[in-house]
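This report describes selected local features of the structure shown below.

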Amino acid sequence: MDTAESTTPAVVKKRSKLRQSITDFFISLYRINQFILRFFREAFMPPFEFKEIMKQCFEVGVRSFTLITVTGFIVGVIFTKQSRPSLSQFGAQSWLPSLVSIAIMRALAPLVTALIASGKVGSSIGAELGSMRVTEQIDAMEVSGTKPFKFLVCTRVIATTLTIPILATYTGFIAIVGGFLNVNQNEGTTWSTFIQEVFDPLTFTDFVASLVKSIVFGFTIGIVGCYQGFNSSKGTEGVGKAANGAVVTAMFLVFIEEIIIVQITSWFR
Amino acid sequence: MEKKIVKADHTNPVISVRGLEKSFEDYAVLRGIDLDLYQGENLVVLGRSGSGKSVLIKIISGLLSPDKGEVNVLGHNIAHIREEELQELRVRIGFSFQNSALYDSMTVRKNLEFPLVRNRKGITRQEINTAVETVLDAVGLSQTINQMPSELSGGQRKRIGIARTLILNPEIMLYDEPTAGLDPITCIEINDLINEVQERYNTSSIIITHDLTCAKQTGDRIAMLLDGQFQRTGSFEEVFDTTDSRVKPFFDYNFIQ
C-alpha cells in the first residue's frame, strides 16, 4: 500500500534514477554482447591482419614482461616463505615443492598474470583506442573504406588471448624458480629433486584448467580494453575513463571467471 | 594563387540532399537541409560553430545516420545502403578531418599506404611506392615520408591528411575546417592546395569552414548554414550582399577588423 511518504518528489526522483540505472545496465549488457558477437563475426573472416596481430602480441609481451618477471619471482619466494612455518609444525617441509607447484599452477600464475596484464595491457589498450576515437583516427579509418574494428579490435583481442597463456606459463616458471631458491637456501634441496616434486602432484587437468583460464583471462582483458576504448566518449576525459574502466572491469571479471572455472574444474577432479 | 573558374556540370549532381534532419537528444542541428553538389565544383558551407556543418558531411560520408530525409551520394542513398556498398562508396569519397586524424603510431609512409593496401587487392610494392611518392609530391611534402605525425607542423599534418585521401583517387572531397588553427600564410597554401586538387584530380568538393578567406579563395559556390537550414546560397558576393544581421557580422569580422 502506498503511503504519503512513498509519493514525495524525492522518492519519485530516487525511483526514476534507479529505473534509469537498471535500464542503462541492460543497455550496456546488450552493447557488450553485440561487441563480442561482432568480434567473432569479423575475426574469422578474411582478410587477416597477421602482421598487426604479431605486432600486438609483441607489444603485450613486452609491456608486461619485466613486471611479470619481478612479480612472479616475489610471489614464489613469499608463498614458499609464508607456507613453511605451517608445514614445519607437522615436520612436513618436504611438501613445500608440491604445495608451491599446486598453488602456482592451479591459481597464482594465471591470476597474477591476468591482474598485471589488466593493469598494464588493458589500460594501455583502453587509452590507445580511446585517444584514437577522440582524435577521429577511427573515423578516418572508417571513411577510407577500411575496417577499424578488424584492424584495431580483432588484432588486439587475438593478441591478448594468445599471449596471456604464454605469459602465465612464464610467470609459473619464474614463481617456481623463486620457490626453489627459498627452499634451496633453507632445506638445501637440489634443482632436480625440487622439480621432480613440483611435477609429481600435478595432473593433466591442472595444466588444461590453467591453460583454459589464461585463455579466458586474455580474451577478457582484450575485449574489455577494446570495448572501453572503442566506445569512449569524446574528449580527453573519455580517454581517462576508458583506461580506468578497462582496468577495473577486467580485474572484476577475472575474479568472477576464476571462481567459475575453479568450480567447473573441481567437477572433473 | 588565383583560382581558375571551373565550369561545373549543373545537370549532374554527385551529391543530392533533400529534407535532411538530424537531432542530438532534444537539440535539432539540421532542420530540413536541401543541397546539390555538382560535378567538378567546390561548394563552401559557411556557418557558426555548432551550426551542424561537420554533422552534414559526416552524414554524407556515412559516419552519422540521418533522422529524416534523403542523402544521395554518387547514386547511392546513404540511409538505405548495405555495409559492403558503403565501404566501396567510401573509397570514392575523400574526407579531410579538422585535426587531420593522422595515425599517430605510423610514419607518413604507413599512413598513406594504410588505405591503399586495404582497398586495392593485388597491388604490388612498386605500385604502392609510386602512389605514395605521387601524392606526397602533389602536396609538396616528399621529404616527410619517413617522419612520424608528431614531428610535423599543423600545416604539414593537414597536407598529409589530404594526401592520404588523394591516394585512393576520390571523386568527391569533403574538407572539415581545412584552415582551422593555421597561420595566415599556411591558410593560403592550404587554400591553393584545395584548388589544385580540384583541377588536378577533377574532384567535386564540400568545404566546411567559417574562414571567409578560405571561402572566397576556394569556393565556386557558397551556402550559408543558419538555424539548421541553408539561408543563402550563391557566389561569395551574392551571399554577402545583404543586411541580414545573422550574415553581416561574418563578413564584417573577417574583412573589416
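## Sheet, helix packing and backbone details

In chain B, B:Val17 stands opposite B:Val71 in strand E4(B). The model is a predicted one. The strands that face each other here are E1 (residues 9-24) and E4 (residues 68-73) of chain B, which pair in the antiparallel sense over five bridges. On E4(B) there is also a pairing with strand E5 (residues 76-77) of chain B; the two strands run antiparallel and are joined by two bridges. In that pairing B:Val73 stands opposite B:His76 of E5(B). E4(B) and E5(B) form a hairpin with two residues between the strands, and in this hairpin B:Leu74 takes a positive phi near 50°.

These strands belong to an open sheet of four strands in chain B, with the order E2-E1-E4-E5 and antiparallel pairing. Its edges are strand E2 (27-39) and E5 of chain B, each of which pairs on one side only. In general, strands of a sheet pair through backbone hydrogen bonds, either parallel or antiparallel.

The next element is helix H3 of chain B. Within this helix, residues 108-119, the buried positions are B:Val108, B:Asn111, B:Leu112, B:Glu113, B:Pro115 and B:Arg118. Helix H4 (125-138) and helix H5 (154-166) of chain B are included in what covers the buried residues of H3(B).

How do H3(B) and H5(B) lie relative to each other? Their axes come within 8 Å and cross at roughly 30°. Angles under 35 degrees count as roughly parallel, and H3(B) and H5(B) are therefore roughly parallel to each other. The crossing in which H3(B) passes H5(B) is right-handed. From H3(B), the contact is made by B:Val108, B:Asn111, B:Leu112 and B:Pro115, and from H5(B) by B:Ile160, B:Ala163 and B:Arg164. By class, the residues of this contact of H3(B) with H5(B) are five nonpolar, one polar and one charged. B:Val108, B:Asn111, B:Leu112 and B:Pro115 of H3(B) are also among the buried residues of that helix. An α-helix has 3.6 residues a turn, so residues three or four places apart point the same way.

The two chains touch as well. Ten residues from chain A and 16 residues from chain B take part in the contact. On the side of chain A that touches chain B, two residues are nonpolar, five are polar and three are charged.

Some backbone details lie in loops. In chain A, the peptide bond from A:Pro46 to A:Pro47 is cis, with omega near 0°. A:Pro47 is placed in the loop between helix H1 (9-43) and helix H2 (50-88) of chain A.

| Residue | Phi | Loop between |
|---|---|---|
| A:Glu136 | about 65° | helix H3 (96-134) and helix H4 (137-143) of chain A |
| B:Asp227 | about 50° | strand E9 (221-226) and strand E10 (229-234) of chain B |

Is A:Glu136 buried or exposed? A residue is buried if 20 or more other C-beta atoms lie within 10 Å of its own; A:Glu136 has 21 other C-beta atoms within 10 Å and is therefore buried. For B:Asp227, the count is 12 C-beta neighbours inside 10 Å, so this residue counts as exposed. The limit for an exposed residue is 12 or fewer.

Technical notes. Residues numbered from 1 in each chain as written. Chains lettered and ligands numbered in written order. Predicted model: local features only at pLDDT ≥ 70, side-chain atom pairs only at ≥ 80, totals over all residues. Contact = placed C-beta atoms within 7 Å. Nonpolar A, V, L, I, M, F, W, Y, C, P; charged D, E, K, R; others polar. Pairing = 2+ DSSP bridges. Axes fitted to C-alpha atoms, helices over the stretch in contact; angles between N-to-C directions. Parallel < 35°, antiparallel > 145°, perpendicular 65-115°, else oblique. Left-handed = near helix turned anticlockwise from the far one by under 90°.
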